Amino acid sequence: PDVFAVRSGGATGVVVKGLEDRNPISFRMEDKGEVKCIKFSLGNKILAVQRTLKSVDFLNFIPDSPQLEYTQECKTKNANILGFCWTSSTEIVFITDQGIEFYQVLPEKRSLKLLKNQSINVNWYMYCPESSVILLSTTVLGNVLQPFYFKSGTMSKLSKFEIELPAAPKSSKLSLSERDIAMATIYGQLYVLYLRHHSRTSNSTGAEVVLYQLPREGSCKKTHILKLNRTGKFALNVVDNLVVVHHQDTETSVIFDIKLKGEFDGSTTIHQFVLPPRSIQPYQIPVADSSSWIVFQPDIIISASEGYLWSLQVKLEPVVNLLLDKGKLMDFLLQRKECKMVILSVCSQMLSEPERGSLSVIATVFDKLNHEYKKYLEAEQSYTMVVEAGLSRSNPLLKRPVRTQAVIDQSDMYTHVLSVFTEKKEAPHKFTIAVLMEYIRSLNQFQIAVQHYLYELVIKTLVQHNLFYMLHQFLQYHVLSDSKPLACLLLSLESIYPPAHQLSLDMLKRLSTANDEIVEVLLSKHQVLAALRFIRGIGGHDSISARKFLDAAKQAEDDMLFYTIFRFFEQRNQRLRGNPSFTPGEHCEEHVTFFKQVFGEQALMKPTTF
Amino acid sequence: SRRNTAKLKQGQWRAPESVRLPQSVMYQESLRVTGFEEKKILFYHPNEVEKNEKIRNVGLCEAIVQFTRTFSPTKPAKSLHTQKNRQFFHEPEENFWMVMVVRNPIIEKHKDGKPVYEYQEEELLDKVYSSVLQQCYSMYKLFNGTFLKAMEDGGVKVLKERLEKFFHRYLQTLHLQSCDLLDVFCGISFFPLDKMTYLKIQSFINRMEESLNIVKYTAFLYNDQLIWSGLEQDDMRILYKYLTTSLFPRHMEPELAGRDSPIRAEMPGNLQHYGRFLTGPLNLNDPEAKCRFPKIFVNTDDTYEELHLIVYKAMSAAVCFMIDASIPPTLEFCRKLDSIVGPQLTMLASDICEQYNINKRISGAEKEPQFKFIYFNHMNLAEKSTIHMRKTPSVSLASVHPDLMKILGDINSDFSRVDEDEEIIVKAMSDYWVVGKKSDQRELYVILNQKNANLIEVNGKDWFLLPLNTVTKNTF
């Protein structure tokens, strides 16, 4: 949105300022009379200025193009131009009281070409640049709205619809004012918002905003009613998919979220405001008077008397304390653009005093977060599948799913919430463990693979409180899924909790990719025979290192064990090479010497001759 | 014989009814004054035995223990074998001794047309009955606390009263005839369950403990099998035994017992559910209902906690809430528990049932196996037996020939003598093979009846897969 400051009809200068631009555009133009309307085309290529009711003047701002102004009169005889809108950098629509005219601007030729026109009686019009839709108010009462949609040189007429007026008007005069209508895109859909004032004849408790969904195809449907529960002067904005309704009398605003649950009556959903009415807070500048405010869609507020332009933003932090139902709060936050840190702080808050939530509330919150997380993972997965299958070229609409801030994954939860929470140790350990288990339950419910660091956190917490039997039971039911790192972690617990040894070995065996580890574990415990049996069981005994097993057997200081192991390898040598003696490459000389010392030279196996 | 171990021996089996419990004695060593006195005897069953004989018998036990202690100060005699009896000694607390005398089985033979009775001295397994004796103590301790605690509470008088009150009834529930290897293990049967349902149960327990904030520990069982224990292993082991051999059988599902379904005419607004108290009040709508729950003692070596045991059941799911004994549960509390736990436990029970049936279907219908087994894991006390069948609510009987059970017991005795992994294969009568296998902390006993099976076939199998593959993949 740009603001034009036109002095002396442009002769002394025009300054164009936007919200973001640090460098305003300034230029001069000839004073040819009072400027009714002035607008740049997209990309600031061409300036259109309306000075009379019959024509619009154009001025090129393209480098190296003709600098002289040129004019286009409206085609329809006796029609007055109500205004115009740019639909692209070179396409413009004139709206007259008798119809619309769609032109292409040819800046090089300094002329316009009519692309299409449509005759229709127009009371007023409204343009939504985001969706390139122009809405025309027609009929005597003005409550039949005709939308048009523009896209690259084409104009399509969408189906018209009638706004239900609060009471049957007494006289045949214009009954629907442009002030009470707004157009905005909410959750990706275009809506026409109608501010229906309180009527004394109906039983309504106050004014309401009626939302009509305007689809690109098909007819327009009344879908939502936002209850304002008060009367007076209102203005509305749409920001971050929220409908914000300002009430002038009380200088407060209320927020509606049409994605939140409402009361469904079969065709429309009735919503109450999400938060109690609050005043919007002006940024830096104190405001004296709100009566001169003008509101533009979607999120602009202009104070005409003071010369300020604001864009409205939603601050999420205060919402946390206004919405006490944590489930509803999550539903609300998850739809907001900048929600991540706020959500994480809500999670931290509900886990610690003084506002500790109950486990069922915590479960609800985790489920809502993981629902969103899972949706993203699924989208990502199906995208990857399509790409890998090489189908991405045949489907040009395919886009990598966008990861919004509402996707709060395990690492976010771990870093910002759970690890901090477990380290603080202010909560009773029962609660700490219950929370961790609840998070793991929720992940499992949504079939999300749990990351190792969460298991580690659970184990750490259980070990700290000597809750080994609890840990044991969790492992028994595979709540902590098998993995090599987990098995190693268990192994490290063996000195404080001996059964961890068996748990760890069982896990390694189930993994079936950890055979080397199993052998190492058994050898380190001098369970040489068990190690040998295991490796034989999986058919790996022909390739293992004899030296490694003989070393372990020797360390066990059990002569019979050493004898058995030594004999096993002699037999292996015989079987593989036809000779029981060890080859120099096996580095077993030391063990052969030891064997001879203990059992005598004659105990060595004799080569079998055929 | 300091530690008698039964030897593997083929013998004729005598009807097990002859294994009786003629005597059970408890005495306290430190009360010894000069000579042997009656005072020392804390409990004697049967009580009808003449006073002097009691004193004599106790004196003999004491003498044997003292005598063997000179040879082995830390491990005095555990059992004494005589022709007619076997005596088992157990010192559960310092200076408190429990002695149990079991009569050897008798074989009736005919010699010259006259019946002659021969005592089967090697028939009884030491480990079985010494385990039974230890469990007697554990069960006493669960409901009464330690002997020492009773002494502190009110001296010998209180201890004697408690022993009399407890053992008078308990000894009658011991089915010594049907004791076997399972009594040695005194294990816990775990209910196989998928991860998600298990997590749901976890979540349920945590939320219940939060809502009923006086609950200290919770245990959860389904189909008389354990799913979760908040108690430590040793306490759970004996509580599990109490629940599955005493409490649950007394409260069979009313539907099974042919009574009316327990869905009650609910008060308006209440959710319908199948929950009911197995301990505590019978009728919550009766304002005079007594909220008395059994007291149990746990962690007696450490924190020594006294708790009320609330057992609540909905369909096949039973949950035990244990609350501090200093907080007497009121009728209001019981109603609250019923209204919160009842509906949720009912839902959970049907969830578990459904999930269990799905898992069963996935793993295939249970075929008639060619083998039967007993499995036990010392580490988590997990036990599984396809040998035992439930004959009456409180007794499960082995479905194989007693001789085979005896072989299992003998193999077990062999295993307990060494720490190493071992495997023993026995060829028993009429095509039976018995395989005993010990690996790390696990023991497995398989009985096969395969015509013409040979040693190589029997030896070549990885029997440990057997208990692991039944019903679900859970390794216990």
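First, a term: buried area is the accessible area (1.4 Å probe) that two parts lose on being put together, summed over both. My model is a predicted one, where local features need pLDDT of at least 70 and side-chain atom pairs count only at pLDDT 80 or more, while totals for chains, interfaces and linings use all residues. Residues are numbered from 1 along each chain as its sequence is written, chains are lettered from A in the order in which they are written, and side-chain values use heavy atoms, without hydrogens and water.

**Entry 1: the interface.** I looked up the area and got about 2,900 Å² buried between chain B and chain A, with 53% of it on carbon and sulfur atoms. On the chain B side, K195(B), L199(B) and M379(B) lose the most area to chain A, together 21% of what that side buries. Counting contacts (heavy atoms within 4.5 Å), I found 36 residues of chain B touching 32 of chain A.

**Entry 2: salt bridges.** These need a side-chain nitrogen of Lys or Arg within 4 Å of a carboxyl oxygen of Asp or Glu. The rule finds 2 across this interface. I noted R442(B) with D506(A), whose closest N and O atoms are 2.4 Å apart.
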